[in-house]
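My entries follow in the order I took them.

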Amino acid sequence: MSATFLGMPGNFPKNAEKAVQNSQLRYNLRKATHTIRGKRAGVVAELPDWQELRAAGKAIKDLTLRHLDRYLLQLEEAVTRAGGTVHWARDAAEANRIVTGLVKATGETEVVKVKSMATQEIELNQALAEQGITAYETDLAELIVQLGDDFPSHILVPAIHRNRSEIREIFLDKMPKVPENLTDDPPALAEAARLHLRERFLKSKVAISGANFMIAETGTLVVLESEGNGRMCLTLPETLISVVGIEKLLPSWRDLEVFLQLLPRSSTGERMNPYTSMWTGSVEGQDFHLVLLDNGRTDVLADEVGRQALRCIRCSACLNVCPVYERTGGHAYGSVYPGPIGAILTPQLRGMSSDLDASLPYASSLCGACYEVCPVAIDIPEVLVDLRAKAPHAAAERAGMKVAGWILNDHQRLAKAQHAATRLRKLVPKRLPGPLSSWTDTRDVPEIPEESFRDWWERTQRSERSE
């Protein structure tokens with residue numbers, strides 16, 4: 001099960017209501033998402049075959065998911081042949097047991113991490129802390145979130161909800177050896193983080209990573225990043241543990257070429273990411289372990305409509321165009337996966353038994369912008385509508401739909417209902433009572449016309465015939 005942020009209210013509407021009251025948050029989000037959105041549009045427009053690349057990415061992912069069992073076994077064989085060790089984790093608890101056991105076997109009590117959403121999903125940092133092991137995030141945005149005792153709010157830029165002055169205050173308060181005259185100038189903040197992390201890199205013997213892609217053909221893992229921290233984590237420590245969702249597979253090296261064009265342009269608005277790190281098994285004497293994480297993904301794969309969410313390459317393009325995310329931010333979703341993709345992935349991974357998870361499929365205007373920018377053509381609105389049908393509904397709502405179905409299935413019953421509604425139109429309140437009141441919390445009851453279309457048609461046609 002993926003993690004729910006502690007302290008979150010019961011559902012998305014309540015979270016969103018609180019978030020939209022924060023004007024600074026809305027300003028930070030709008031500025032950042034519009035900047036990334038503009039950069040993406042520019043570099044995508046440079047490629048005349050962008051739609052063909054998008055279709056190729058979709059086809060490769062669909063093929064992989066259809067034969068996931070075969071490709072996973074091929075990956076395991078290739079990694080093992082290259083000197084690595086593969087572990088299979090059915091859920092978060094099993095993955096955490098495996099990783100903590102591997103770290104404890106080294107005798108170390110500190111690890112460095114390169115950004116990994118899978119480890120956030122299973123709350124690995126908390127599990128390590130319970131065993132006396134401290135995990136240090138090395139991605140700059142993740143470091144900001146960690147030092148600020150905060151939660152990530154964006155897939156690509158976890159600290160997107162923070163501005164420069166807020167980051168400066170966090171560094172002064174929580175980061176040791178920071179000069180008191182530190183400014184909020186980006187180079188100064190980056191230099192302070194670099195000096196802080198350098199010590200961690202040089203002394204840590206164990207690193208934990210994720211991966212953007214895994215190549216079944218060779219057993220190679222691939223990490224794309226912008227800062228170089230990933231390269232330091234992957235090469236310096238004596239033990240490397242990679243926790244990766246089973247859907248991150250690609251069949252061959254040839255397939256990777258497509259995604260090395262799609263991902264940078266869709267995520268950071270760059271033609272190519274600054275750092276692409278690849279490794280196969282244990283290299284240069286390093287002990288390598290790969291933990292393949294299921295944690296609900298097999299159940300998602302079984303859903304004919306919802307399985308397309310597993311095509312996601314975590315680019316965050318859907319977040320940057322979503323009008324809902326832009327105003328509420330990521331915390332309102334109560335999950336490590338925010339925005340449109342989180343609204344369809346989280347309820348499938350966790351189920352919809354909680355109020356929060358049941359509300360996520362409704363965290364959308366269904367405008368379709370997310371589908372238009374998705375580099376692997378995930379039809380997010382289609383999955384949202386499908387999940388809304390599967391979400392638990394109140395007894396009053398179910399009863400109302402049954403009555404509506406009974407009326408709408410017979411034209412005579414519909415005509416009588418319309419006629420009665422016009423007669424009683426003045427008695428309809430602006431706010432509906434009882435269980436129906438939540439519907440009018442965010443919308444007005446439509447005005448009922450004095451005459452229904454059926455009555456108007458009958459009256460005017462009768463008048464024409466008499467003439």
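I checked the length of helix H10, residues 186-203, in this predicted model. With 18 residues at 1.5 Å a residue, H10 should span 26 Å, and its end C-alpha atoms are 26 Å apart, so the two agree.

I then asked which residues of H10 are buried. They are Leu189, Ala192, Ala193, His196, Leu197, Arg200 and Phe201. Residues three or four places apart on an α-helix point the same way, because there are 3.6 residues a turn. I traced what the buried residues of H10 pack against: strands S2 (110-113) and S3 (134-137), and helices H8 (140-147), H9 (164-174) and H11 (229-235).

Next I looked at strand S4, residues 206-209. Val206 and Ile208 point one way, Ala207 and Ser209 the other, and all are buried. I found S4 paired with S2 in the parallel sense over two bridges, with Ala207 as the bridge partner of Val112. S4 also runs parallel to strand S7 (residues 239-245), joined by four bridges; there Ala207 has Leu240 as its partner.

I looked for disulfides and found zero. Cys315 is in none, and the nearest cysteine sulfur, that of Cys374, is 6.2 Å away. Cys315 counts as buried because its relative accessible area is 7%, under the 20% cut-off. Cys233 is also buried, at 1% relative accessibility.

Last, I consulted the UniProt record, an unreviewed entry, which lists residues 74-291 as "domain: LUD". I noted that this span is 43% helix and 21% strand, with its end C-alpha atoms 15 Å apart.

Conventions: Residues numbered from 1 in each chain as written. Predicted model: local features only at pLDDT ≥ 70, side-chain atom pairs only at ≥ 80, totals over all residues. Heavy atoms only, no water. UniProt positions renumbered as here; feature names shortened; annotations may be inferred. Expected span 1.5 Å × (residues − 1). Buried < 20%, exposed > 50% of the residue type's maximum accessible area, 1.4 Å probe, protein only. Contact = heavy atoms within 4.5 Å. Disulfide = S-S within 2.5 Å. Pairing = 2+ DSSP bridges.
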